[in-house]
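Hi,

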Amino acid sequence: MARPSAAGRSNEEIAAGLHLSMATVKTYVGRLLAKLGARDRAQLVMIVYETGVR
């Protein structure tokens with residue numbers, strides 16, 4: 001979930017690409033933000049690039 005979000009994909013695009021529901025993607029992204037302590041997707045992008053998450 002981190003890479004597609006960091007690549008600027010919307011929840012809808014992520015859901016379609018991974019064959020998941022929108023609710024699942026929203027849940028995963030929300031949990032990822034919480035676990036990483038990110039306020040929003042912009043901060044998530046910074047964390048992904050700074051740590052080299054693959």
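Leaving out residues up to four places away in sequence, which residues does Asn11 touch? They are Met22, Val25, Lys26, Val29 and Arg41, where contact means heavy atoms within 4.5 Å. Before I go on, please note that this is a predicted model: local features need pLDDT of at least 70, side-chain atom pairs count only at pLDDT 80 or more, and totals for chains, interfaces and linings use all residues. Residues are numbered from 1 along each chain as its sequence is written, and side-chain values use heavy atoms, with hydrogens and water left out.

Asn11 belongs to helix H2, residues 11-18 (helices are DSSP runs of H or I with at least four residues, numbered from the N terminus). With a relative accessible area of 19%, Asn11 is buried (buried is under 20%, exposed over 50%, partly exposed in between, with a 1.4 Å probe and protein chains only).

Val29, one of the contacts of Asn11, also meets Met1, Ser5 and Arg41, again setting aside neighbours within four places in sequence. Val29 is part of the largest nonpolar core, which has 12 residues, including Ala2, Ile14, Leu33 and Val48. Such a core is a set of buried Ala, Val, Leu, Ile, Met, Phe, Trp, Tyr and Cys residues joined through side-chain atoms within 4.5 Å. At least two of its residues come from each of helix H1 (2-6), H2, helix H3 (22-36) and helix H4 (41-51), and H3 gives the largest share, 4 residues.

Finally, have a look at His19, in the loop between H2 and H3. His19 is exposed, at 72% relative accessibility, and has a positive phi, near 55 degrees. Most residues other than glycine have a negative phi.

Best wishes
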